[in-house]
Amino acid sequence: MNHKLSIDEYDALEQISKLPKNVKPNACIGRNTKRLTGIKLVAYRKDGSLELTENGRQVLFIKQCIDGLRAIANDAETKLSGPVAIFLEKKGHIQINPESGLHEMSQRGKECLADIEINSKKA
């Protein structure tokens, strides 16, 4: 699961996750299907349409959590999706500011985001 994905591949994963059955995939999905199926993030259903595998859902969720941390770091008024906010709160990366009622980064979240930024520059 340590595959480095491009922005275009992440976008294709996001689009596949929202793609209704029996709808023809767009060009972004078409460009990235071969690699994403090869690394087992996407699979073909019996009817020939695409779906995310469990690994694909995990990769996409991790990306959404990292994007959520970055968004909170840049703007405390950012609204996170329910599952992302619950996960980040449970893991201690964000917390509710009692004065404003908005999410804010915890020390653990700041350290985690700093590690992510350092590692993304190395890759």
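Predicted model: local features only at pLDDT ≥ 70, side-chain atom pairs only at ≥ 80, totals over all residues.
Residues are numbered from 1 along each chain as its sequence is written, and side-chain values use heavy atoms, with hydrogens and water left out.

**Stop 1: helix α1.** Select residues 7-18. Helices (H or I, at least four residues) and strands (E, at least two) are DSSP runs, numbered from the N terminus. You'll have 12 residues reaching 17 Å from first C-alpha to last, close to the 16 Å expected at 1.5 Å a residue (1.5 Å times one less than the number of residues).

Now colour E9, A12, L13 and I16, the buried residues of α1 (buried is under 20% relative accessible area, exposed over 50%, partly exposed in between, with a 1.4 Å probe and protein chains only). Look down the axis of α1: its buried residues fall within an arc of 100 degrees, so they line one face (the arc uses directions from the helix axis to the C-beta atoms). On the other side, I7 and K18 are exposed.

**Stop 2: Y10 and K63.** The charged end of K63 sits over Y10's ring, 5.2 Å from its centre (NZ of Lys or CZ of Arg within 6 Å of the ring centre and within 35 degrees of the ring normal).

**Stop 3: F61 and F87.** Here's the structure's one aromatic pair. F61 is in helix α3 and F87 in helix α4, 26 residues apart.

Technical notes: Phe/Tyr/Trp six-rings, centres within 6.5 Å; stacked < 30°, edge-to-face > 60°.
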